[in-house]
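Q: I would like to go through this structure with you, one topic at a time. Please keep the answers plain.

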Amino acid sequence: MSRLLVEIQCLPSPPGTPDDRHAHVELAIAEIQRSGLPYEVGALGTTVEGEADEVWALLRRAHEACLATRAESAVSLIKGHQAAPGDTPGIHDLVAGFRE
């Protein structure tokens, strides 16, 4: 199977509720956390890796999670890397040199 490394940035409008400024975004992240796939939350997006079919399905669920909480609209920006089997680096491979 082919592995996929993707960063998703969910941009719901509005991003949250009056009580929780980022409620809609946090539900997208919670969907990623529940997936069991390796992920890393960043300041402007979340990186996730796994088998391509699992990751694509997860990206859809994360996007739709924003709308399930009554966001008026949502835009999701996706950057991905997919290579030959065994060739796609993982999240930790790419950031290890920048971590203390």
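Q: What does His81 touch, leaving out residues up to four places away in sequence?
A: His81 touches Arg3, Leu4, Leu5, Thr88 and Pro89, not counting residues up to four places away in sequence; contact means heavy atoms within 4.5 Å. This is a predicted model, in which local features need pLDDT of at least 70, side-chain atom pairs count only at pLDDT 80 or more, and totals for chains, interfaces and linings use all residues. Residues are numbered from 1 along each chain as its sequence is written, and side-chain values use heavy atoms, with hydrogens and water left out.

Q: Where is the place of His81?
A: His81 is in strand 4 (residues 73-82). Helices (H or I, at least four residues) and strands (E, at least two) are DSSP runs, numbered from the N terminus.

Q: How does His81 count in terms of relative accessibility?
A: His81 counts as partly exposed, at 36% relative accessibility. Buried means under 20% relative accessible area, exposed means over 50%, and partly exposed lies in between (1.4 Å probe, protein chains only).

Q: Moving on to cysteines: how many disulfides does a search of the whole structure find?
A: The search finds 0 disulfides, a disulfide being a pair of cysteine sulfur atoms within 2.5 Å.

Q: Is Cys10 buried or exposed? And what about Cys66, buried or exposed?
A: Cys10 has a relative accessible area of 11% and is buried. Cys66 also counts as buried, at 0% relative accessibility.

Q: Which residues does Cys10 touch, and where is Cys10 found?
A: Cys10 is found in strand 1. Not counting residues up to four places away in sequence, Cys10 touches Val25, Ala28, Ala62, His63, Cys66, Val75 and Ser76.

Q: Next, pockets. What is the volume of the largest pocket?
A: The volume of the largest pocket is about 280 Å³. On a 1 Å grid over the protein atoms alone, a pocket is an open set of points where a 1.4 Å probe fits, with protein on both sides within 12 Å along at least five of seven lines; lining residues have an atom within 4 Å of a point. Grid points are joined across faces, edges and corners, and the volume is the space filled by probe spheres set on the points.

Q: Which residues are closest to its centre?
A: Of the 17 residues that line the largest pocket, Cys10, Val25, Ala43, Leu44 and Gly45 are the closest to its centre. Strand 1 gives the largest share of the lining, 5 residues.

Q: How do the lining residues divide into nonpolar, polar and charged?
A: The lining has 12 nonpolar residues, 5 polar and no charged. Ala, Val, Leu, Ile, Met, Phe, Trp, Tyr, Cys and Pro count as nonpolar, Asp, Glu, Lys and Arg as charged, and the others, Gly among them, as polar.

Q: Which residues are buried in helix 1?
A: In helix 1, the buried residues are Ala23, His24, Ala28, Ile29, Ala30, Glu31 and Ile32. Their cover includes strand 1 (3-13), strand 2 (39-41), strand 3 (46-51) and helix 2 (52-68).

Q: Lastly, which residues does a cis peptide bond join?
A: Ser13 and Pro14 are joined by a cis peptide bond, with omega about -10°. Pro14 is in the loop between strand 1 and helix 1.
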